[in-house]
Amino acid sequence: MLSRRDILKASAVSAAAASVMGGMIKSASADDHRNIVPSSTFQPAADAQNLYKYVFANSKKRSLPSGWAREATVEQFPISEGVAGVDMTLEPGGVRELHWHAIAAEWAFMLEGHARITIIDPEGKCEVADFAAGDVWYFPKGYGHSIQALADGAHFVLTFDNGHFSEFGTFSITDWVAHMPKEVLEKSVNMPASVFSKAKQGEAYIVGGAVPPPLPLPSNDGGLNNAPLAHRYELMKQKPFFENDAGSVHLVSSKEFPISTTMTGIIEIVKPGAVRELHWHPNANEWQYYISGQGRMTVFSSHGHAQTSEYAPTDVGYVPQGFGHYIENMGDEDFKVLIVLDNGIYQDISLSDWLAKTPAYLLADNFNNQIADWQARPRDKLVMSRRKS
C-alpha cells in the first residue's frame with residue numbers, strides 16, 4: 001500500500017512530466033508555421049570572415065537560351081540553414097518548366113518585368129495569375145507549378161523554407177516523363193507517347209516559348225482558377241507596415257497572405273544616414289537579398305561575438321534566429337533590402353522598445369549611470385531611425 005509520502009512523490013513526478021510535455025506541446029504549436037530544418041554539422045572557424053554574408057555573383061549560373069539561375073544554399077552559404085535562395089531571369093516567353101519541390105515551400109518576389117504562374121494543389125484546384133514588379137507569390141511544399149515571362153521578360157528572387165534545398169534538384173515534368181515506360185505513360189494520360197517525344201530527354205529546366213495570351217483564359221483550357229486561396233499578393237501596392245522620415249517597412253505574413261503559412265516577406269527601405277534599429281526575431285531565421293544602395297550590418301551572436309559586413313546590390317545576408325542585428329544605410333541613396341523569414345508569423349523585439357518599457361532605475365543599474373540619463377529615452381518603438389540633430 002502506498003504511503004502518503006509515496007503518493008505526493010508520484011504526484012510531483014506526474015506534475016513535472018506534465019509540465020515538460022506541456023512545454024513540448026507549446027513548442028510544437030509555435031512551430032506550426034515553421035519548416036523545421038535539421039541543424040547542420042557546419043562549424044565556422046573562430047576567425048571566419050563574412051560568416052553572415054554571401055556574394056551572389058560568386059554562384060555558378062545555370063544558363064540556357066531563355067533564362068538563367070544561380071542559387072545560394074548551405075553548400076554555398078553554410079550558415080543559411082533556414083532559407084535557400086535563387087536569383088532567376090527569364091527572357092520573354094521563357095518558361096521555368098512545370099515542376100514541384102518535395103521538401104520546401106517557395107516564396108518569391110518580383111524585381112522587374114512581368115511573369116505568369118500556374119499552380120495545381122492536391123485537391124485539383126488551380127490558379128493562373130500574372131505578376132508585376134513588387135508582387136509576391138507562395139507555393140506550398142509539393143504543389144505543381146510553372147513560371148513564364150511575359151513580353152518584357154522577368155527577374156525575380158525565389159526563396160525556400162529549407163536552406164538545404166537546391167533549386168537544381170527539383171522534380172521536373174520533362175525529367176519525370178522521359179524516365180517512364182512508354183506504355184505506362186500512355187495508360188496514365190490516355191494519349192499516345194509520341195505527344196511527348198519532342199521534349200528534351202531529361203530535365204529541360206528552362207524552355208523557350210511564345211509570350212502567352214492575355215488573361216482570362218478559357219475555363220476548359222487553363223482558366224478554371226478555383227484555388228481556395230490566392231497565391232499572389234501585391235506587396236508594394238499595400239500601405240507600408242511602418243513608415244517615417246528614416247524609411248519604411250513593407251511586410252506580408254500569413255496574417256495578410258493566408259496561404260504563406262511558413263514564410264514572411266519584407267521590403268525594408270532605409271533612407272541615407274538612417275538605420276533599421278537594433279532588434280532580433282524570436283521565432284525565425286532571416287535571409288536577406290540586397291536590391292539597391294550600400295550599407296552594413298553587424299550580427300551579434302552572444303558571448304562577445306559580433307561581426308560587421310558591408311553589403312551591395314545582389315549580396316545575400318543571413319541572421320540566425322534570435323541573433324541581434326541592424327541594417328544601416330552607408331550611402332547617398334535609399335538602401336533597399338528584401339528580407340525573408342522562415343515563419344509565417346512575424347515577430348521582432350527591438351532595443352528601443354525594450355528600453356522604453358524598462359524602468360529608468362533598472363537601466364541605470366545595468367549601465368552604471370544615473371536615472372536622469374534615461375529620462376529622455378524614446379517612449380515608443382523606433383523601427384527606422386536616424387540621429388536627431
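In this predicted model, V275 stands opposite E328 of strand β21. The two strands involved, β16 (residues 275–280) and β21 (residues 324–329), run antiparallel and are joined by three bridges. V275 also has a counterpart in strand β24, where it stands opposite S385. Here β16 and β24 (residues 384–385) are again antiparallel, with two bridges between them. A further partner of β16 is strand β23 (residues 349–350), paired with it in the antiparallel sense over two bridges. In this pairing, H279 has S350 of β23 as its bridge partner.

E97 is buried and yet has no salt bridge. The nearest side chain of opposite charge belongs to R96, 4.7 Å away, whereas a salt bridge calls for a side-chain nitrogen of Lys or Arg within 4 Å of a carboxyl oxygen of Asp or Glu. The side chain of E97 does have a backbone group beside it: one of its polar atoms lies 2.8 Å from the backbone nitrogen of Y205.

L98, I173, W176 and M180 make a nonpolar patch of about 370 Å². One of these residues, I173, is found in helix α2 (residues 173–178). I173 counts as partly exposed because its relative accessibility is 34%, a value that falls between the limits of 20% for buried and 50% for exposed residues.

Key. Residues numbered from 1 in each chain as written. Predicted model: local features only at pLDDT ≥ 70, side-chain atom pairs only at ≥ 80, totals over all residues. Heavy atoms only, no water. Patch = residues over 30% accessible without salt bridge, like charges linked within 9 Å, V, L, I, M, F, W, Y side chains within 5 Å. Areas by Shrake-Rupley, 256 points an atom, 1.4 Å probe, with all protein chains shown as cover. Helix = DSSP H or I, 4+ residues; strand = E, 2+ residues; numbered from the N terminus. Buried < 20%, exposed > 50% of the residue type's maximum accessible area, 1.4 Å probe, protein only. Pairing = 2+ DSSP bridges. Lys, Arg positive; Asp, Glu negative; His and termini not counted. Polar contact = N/O pair within 3.5 Å; in protein donor to acceptor, adjacent residues only side chain to side chain.
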